[in-house]
Amino acid sequence: MSPCIKIGQRFVGAGYPAYVIAEVSANHHQDFDRAVKIIHAAKDAGADAIKLQTYTPDTMTIDSSRPEFRIEGTIWDGRNLHELYSEAYTPWEWQPRLKQVANDLGLDLFSTPFDARAVDFLEAMNVPAHKLASFELVDVPLIQKMARTGKPLIMSTGMATVEEIKEAVETARQAGATQIALLKCTSAYPAPAEEMNLRTIPELTRRYNVPAGLSDHSMGIGVPVAAIALGACIIEKHLTLSRSEPGPDSAFSLEPHEFNVMVDAVRVADKALGEIHFGCSAKEATLRVYRRSLFVVQDVKRGDPFTAENVRSIRPGNGLHTRHLPEVLGRHAACDVERGTPLSWELVKDPANRQ
């Protein structure tokens, strides 16, 4: 049986529609009403869930001017970690209210906690699942804390090695997690398509016997659709109201109309996967008659031989199967046959009786 988890009322795994998560992250720009608008936009765009992040600058790092705390090699180059997280975090007092907004719209809402206190906070909110960020995949105590809740646990793999992923999965299972999903994630912001390595997605399922998906930081919709074709059953993507309004995550977020196009494309890809099937589909059934078969293509008199000139394989399919052409050629007509008549054995004289 294919691995499957259940988030809220939704089963997530092979054979079920892809579970699409809209990541709010820092795109609220410290404006509660804007966060609410993002949730409404996610609903309108076809998302299944909203994801927040639950941390404060001080639970993520310390306020230090040492060079180790300066960011390099990203879109946030030169910024101090504590300063960035002060701008990007979602106020905790908003989160129960945002969950109510999402639930009223029929959306699940959960979050990424970054420390034990955040896990407890989210448990008090009764979130339906927990999400582990890729950078925290090596935080064994945090994984244990999240796993002990008994909630479904979605873990982004990011830059993790096979050994690190194995350790994280085993840690979660030993701590009591029975519903685990892994997301392929390239922890670059934005992530170039050539570094996505989506063929890892089915390998995650094969190695760890869990549903697998994609946490996507690339631009556009091509990567998520390709991920679906490779078996992804979860798609997580950042959503912003407008990339023109600067923010920590704006550069690699989709706007609402783009998110909607992505969801529609994901749903089509989901349906197109179908199942292993040979033969006629329901839509094809009425067209079977237009396949090729043997027809008499010239008027033939009784007793005349059937030849390559007066019998051909053509459309439609009302005549004998084309495999019988060698048997028919050289035999004689049992009666007069008009051009355009589907060939049948009744029209072919028995070779033992040429009268």
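The text below covers the salt bridges of this predicted model.

**Overview**

The structure holds 15 salt bridges.

| Pair | N to O distance |
|---|---|
| Lysine 51 and glutamate 23 | 2.5 Å |
| Glutamate 203 and arginine 206 | 2.6 Å |
| Lysine 237 and aspartate 216 | 2.4 Å |

**Pairs between strands**

Lysine 51 and glutamate 23 are joined by a salt bridge. This pair links distant parts of the chain, 28 residues apart. Lysine 51 belongs to strand E4 (residues 49–54), glutamate 23 to strand E3 (residues 19–23). Both lysine 51 and glutamate 23 are buried.

Lysine 237 makes a salt bridge with aspartate 216. Lysine 237 is in strand E10 (residues 234–238) and aspartate 216 in strand E9 (residues 212–216), so the bridge ties together parts 21 residues apart in sequence. Lysine 237 has a relative accessible area of 0%, so it counts as buried. Aspartate 216 is buried too, with a relative accessible area of 0%.

Glutamate 203 and arginine 206 both lie in helix H8 (residues 200–208). They are three residues apart, about one turn of the helix. Arginine 206 reaches 58% relative accessibility, so it counts as exposed. The cut-off for exposed is over 50%.

**A network**

Salt bridges also link Arg10, Asp48 and Arg267 in a network.

Definitions and conventions: Residues are numbered from 1 along each chain as its sequence is written. This is a predicted model: local features need pLDDT of at least 70, side-chain atom pairs count only at pLDDT 80 or more; totals for chains, interfaces and linings use all residues. Side-chain values use heavy atoms; hydrogens and water are left out. A salt bridge is a side-chain nitrogen of Lys or Arg within 4 Å of a carboxyl oxygen of Asp or Glu. Helices (H or I, at least four residues) and strands (E, at least two) are DSSP runs, numbered from the N terminus. Buried means under 20% relative accessible area, exposed over 50%, partly exposed in between (1.4 Å probe, protein chains only).
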